[in-house]
Amino acid sequence: MDYRGSDAPSGVEALPDSAATAVKVVIVGGFGAGKTTLVGSVSEIRPLTTEETMTRAGEGVDDVAGVERKTVTTVAMDFGRITVSDELVLYLFGTPGQQRFWFLWNGLFEGALGAVVLVDTRRLEVSFDVIGRLEERGVPFVVAVNGFPDSPGHPVDDLRAALDLPDEVPIVLCDARSRESSRDVLLALMRYLYSLTS
């Protein structure tokens, strides 16, 4: 529910009265790509997360190659909010990365205007199915390459070729831990969505 001005209950951050448009954006990517981190870093409200401790149930099911030290995982979604301008508010929905939770995507994508695909170059192959699902659904998206300390660097053209992306799909470099960097990713998505309507 949108709370505006003085109508907000105690402890709830109100939307500005001038907010005219609320847009749903979905943050997707492979397991361990940094989706929860991005939502948490950029959200102006305390983000809702559904992280749980990883258990033996995921052994042999979840591909943890490259993220072996990860101890928690999103099992439903992350939720955050950012006011881009006086008129525009984005609602952010982060998806689970493991394929066994992808059935939740149907509800999360309902009404979404666009998506951010968060990519980890250490595990680029886990992005292929994610991008394929977005293309099947016809959801416009940008690709954000999350820089980890041990991530190999690649020229953007090489990444575009490896991910088999059309020239018009933006690829941006980011640090999901940084509010400014994560905000710039969302602004790149908004500019891309605007370009599709021009």
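1. In helix 3, which spans residues 127-137, Ser127, Val130, Ile131 and Leu134 are buried, where buried means under 20% relative accessible area with a 1.4 Å probe and protein chains only, and helices are DSSP runs of H or I with at least four residues. These residues lie on the same side of helix 3 because they cover an arc of only 95 degrees around the axis, the arc being that of the directions from the helix axis to the C-beta atoms. An α-helix has 3.6 residues a turn, so residues three or four places apart point the same way. Just after helix 3, Gly138 takes a positive phi of about 75 degrees.

2. This is a predicted model, in which local features need pLDDT of at least 70 and side-chain atom pairs count only at pLDDT 80 or more, while totals for chains, interfaces and linings use all residues. Residues are numbered from 1 along each chain as its sequence is written, and side-chain values use heavy atoms, with hydrogens and water left out.

3. The chain holds 5 helices and 8 strands, a strand being a DSSP run of E with at least two residues. Along the sequence the pattern reads β-α-β-β-β-β-α-β-α-β-α-β-α, and of the 198 residues in the chain, 44% are buried.

4. Asp150 sits in the loop between strand 7 (141-146) and helix 4, and is exposed, with a relative accessible area of 52%, exposed meaning over 50%. Although Asp150 and Arg122 are 28 residues apart in sequence, their C-alpha atoms are 8.0 Å apart in space.

5. Glu168, in the loop between helix 4 (156-163) and strand 8 (171-174), is exposed, with a relative accessible area of 52%.
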